[in-house]
Amino acid sequence: MRERKEDILVLAKYFLNRYARETGKDIKGFTPEAEESLLNYPWPGNVRELINVIRKAVVLTENIYISEKELNLRREDVDTAYCLNGHSLNLKENIEKVERELVRRAFIKTGGNITKMAKLLGISRPKVYTLIEKHRMGEVSD
């Protein structure tokens, strides 16, 4: 599904209708935020994961539209799941990926402010500079 993003909403709507019928619920579709969340999720578990997410949301909802919250798609879990679902068990490689992603998130959250990044990441300012250079991040501020 990662390679066929155009199929995600079609499949999601199909499974939504199927499970809504099975449960006897009158669910019309997804909120725009839920659709955006479905499209932006990397789907490491592929179609089976989509089926499980939709089935669970249908069962749990009391609304006529499935919301982003009901989908419960958390990217933080995905990064670890992707590493552990047979893609690579190379510890050094996965540590690099996780490190890069955490530095990237801290960079975005703080607008590149080194002091704030250091505090957020729990490391020293010099180490932040080293990681930014290592992972080739953009401009920073103090």
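1. The accessible surface of the chain comes to about 9,300 Å², and carbon and sulfur atoms account for 53% of this area. The model is a predicted one, and every value in this note should be read as computed from that model. Of the 142 residues in the chain, 36% count as buried.

2. As for the overall layout, the chain contains eight helices and two strands, and these follow one another along the sequence in the pattern α-β-α-α-β-α-α-α-α-α. When contacts between residues at least 6 apart in sequence are taken together, 65% of them join residues that are at least 24 apart.

3. Helix H3, which spans residues 46–60, has 15 residues and reaches 22 Å from its first C-alpha to its last, a span close to the 21 Å expected at 1.5 Å a residue.

4. Thr31 is placed in the loop between S1 and H2, and it counts as buried because its relative accessible area is 18%, which is under the 20% cut-off. Leaving aside residues up to four places away in sequence, Thr31 touches Tyr65, Ile66, Ser67 and Glu68. For Glu68, which stands 37 residues from Thr31 along the chain, the C-alpha atoms of the pair are separated by 7.2 Å.

5. Pro32 lies in helix H2 and, with a relative accessible area of 61%, is exposed, whereas Thr31 is buried. The C-alpha atom of Pro32 is separated by 8.3 Å from that of Ser67, although the two residues are 35 apart along the chain. Ser67 is also one of the residues that Thr31 touches.

6. Glu36 likewise has its place in helix H2, and its relative accessible area of 44% makes it partly exposed. Between Glu36 and Leu9 there are 9.4 Å in space, C-alpha to C-alpha, while in sequence these two residues are 27 apart.

7. The phi of Asn72 is near 55 degrees, which is a positive value in a residue other than glycine. Most residues other than glycine have a negative phi. The relative accessibility of Asn72 is 41%, so this residue counts as partly exposed.

8. A pair of packed helices is described by the angle between the two axes and by the distance between them. For helix H6 (residues 91–110) and helix H8 (residues 125–134), the packing angle is about 110 degrees and the axes are 10 Å apart; H6 and H8 are therefore roughly perpendicular to each other. On the side of H6 the contact is made by Glu96, Glu99, Val103 and Phe107, and on the side of H8 by Leu131, Ile132 and Lys134. By residue type, the contact of H6 with H8 divides into four nonpolar, no polar and three charged residues.

Methods:
Residues numbered from 1 in each chain as written. Predicted model: local features only at pLDDT ≥ 70, side-chain atom pairs only at ≥ 80, totals over all residues. Heavy atoms only, no water. Helix = DSSP H or I, 4+ residues; strand = E, 2+ residues; numbered from the N terminus. Expected span 1.5 Å × (residues − 1). Buried < 20%, exposed > 50% of the residue type's maximum accessible area, 1.4 Å probe, protein only. Contact = heavy atoms within 4.5 Å. Areas by Shrake-Rupley, 256 points an atom, 1.4 Å probe, with all protein chains shown as cover. Axes fitted to C-alpha atoms, helices over the stretch in contact; angles between N-to-C directions. Parallel < 35°, antiparallel > 145°, perpendicular 65-115°, else oblique. Nonpolar A, V, L, I, M, F, W, Y, C, P; charged D, E, K, R; others polar.
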